[in-house]
Amino acid sequence: MKIITHNYFETQQQGAKLAGMLKGGEVLCLYGDLGAGKTTFLHGLINFYIPHKRVLSPTFIIVRRYEIRKDRIKYLYHADLYRLENVKEIADLGLSQNMNNKDTIVAIEWAQNLRELLPKRRIDIYFEMKDEDQRFITVQKYG
Ligand SMILES: Nc1ncnc2c1ncn2[C@@H]1O[C@H](COP(=O)(O)OP(=O)(O)OP(=O)(O)O)[C@@H](O)[C@H]1O
Ligand SMILES: [Mg+2]
C-alpha cells in the first residue's frame, strides 16, 4: 500500500487509520530519514487510542510505554533506535519480550538498527521525502 501525504495532519491521519486496523500483537517497523514523518505518523496512531495525548519523540529515552484500552490492546511501546547501533544495547531494552504479545503493539522508529532482532512477523512502514511537504508512505506486511 502506497500513500502520498502533503502535510503533517495527513500523515497523522494515516497513522490513525492504521491504528483502527490493528488487533494487538503487531510490531510496526518504521524506516526513513530524519524528518521523514515517522513520529508524526505514530502521533496520529497513538492519538487514535488516547485522544489529545501529547506524543513526544522518544529520541533520548529510547522507549516510551503507553497504556491504552482498545479491545484486547493494553500497551503500546514507542521506541526510537536512532542512537542505538549496538545490538546488545538494543537487546537490553527488552523490546523483543513485548513483540507479538496479543495485548501489545510495538512501534519502532529506525527499526533497521534491530538487525537480527527484527521479528519475522511485522509490518514495515517506509517514509520517503518527496519534497519539502510531500511524503511517500509505504506499508508492507510480513509474516
Ligand atoms: N507530508 C508530511 N508528513 C509529515 N511531516 C511533514 C510533512 N510535510 C512536512 N512535514 C514536517 O516534517 C517533519 C516530520 O518530523 P517527524 O518528527 O515526524 O520525523 P521523523 O521521521 O520522526 O524524524 P526522526 O528520524 O528525527 O525521528 C515535521 O517537522 C513536519 O511538520
Ligand atoms: Mg521521530
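1. A residue is called exposed when its relative accessible area is over 50%, buried when that area is under 20%, and partly exposed in between. The model under review is predicted, and these terms are used for its residues throughout.

2. Asp71 has a relative accessible area of 72%, and it is therefore exposed, the cut-off being over 50%. Its side chain meets that of Lys70 in a salt bridge, with N to O at 3.1 Å. Lys70 is partly exposed, at 26%.

3. How many salt bridges does the structure hold? The number is five, and the bridge between Lys70 and Asp71 is one of them.

4. Another salt bridge joins Arg65 to Glu67, where the closest N and O atoms are 3.1 Å apart. Arg65 has a relative accessible area of 43% and is partly exposed. Glu67 reaches 56% and counts as exposed, because the limit for that term is over 50%.

5. The side chains of Asp124 and Arg122 meet in a salt bridge, at 2.9 Å from N to O. As background, side chains of opposite charge can pair when their charged atoms come close.

6. Which residues coordinate the magnesium ion (ligand 2)? The donors are OG1 of Thr39 and OE of Glu109, at 2.0 to 2.2 Å. This pair links distant parts of the chain, 70 residues apart: Thr39 lies in helix H2 (residues 38-49) and Glu109 in strand E5 (residues 104-109).

7. Thr39 is at 22% and counts as partly exposed, because buried would require a value under 20%.

8. A patch of positive charge is found on the surface, where Lys23, Arg72, Lys102, Arg121 and Lys141 gather. Of these residues, Lys141 is placed in strand E7 (residues 135-142). Lys141 has a relative accessible area of 65% and is exposed. Patches are made of residues with over 30% relative accessible area and no salt bridge, so Lys141, at 65%, passes the area cut-off.

Methods:
Residues are numbered from 1 along each chain as its sequence is written. Chains are lettered from A and ligands numbered from 1 in the order in which they are written. This is a predicted model: local features need pLDDT of at least 70, side-chain atom pairs count only at pLDDT 80 or more; totals for chains, interfaces and linings use all residues. Side-chain values use heavy atoms; hydrogens and water are left out. Patches are made of residues with over 30% relative accessible area and no salt bridge: like charges are joined within 9 Å, nonpolar side chains (Val, Leu, Ile, Met, Phe, Trp, Tyr) within 5 Å. Accessible areas come from the Shrake-Rupley method with a 1.4 Å probe; for residues, only the protein chains shown count as cover. A salt bridge is a side-chain nitrogen of Lys or Arg within 4 Å of a carboxyl oxygen of Asp or Glu. Lys and Arg count as positive and Asp and Glu as negative; His and the chain ends are not counted. The place of a charge is taken as NZ of Lys, CZ of Arg, CG of Asp or CD of Glu. Helices (H or I, at least four residues) and strands (E, at least two) are DSSP runs, numbered from the N terminus. Buried means under 20% relative accessible area, exposed over 50%, partly exposed in between (1.4 Å probe, protein chains only). Donors are N, O and S atoms within 2.8 Å of the metal (3.2 Å for Na, K and Ca); water is not among the atoms, so sites may look incomplete.
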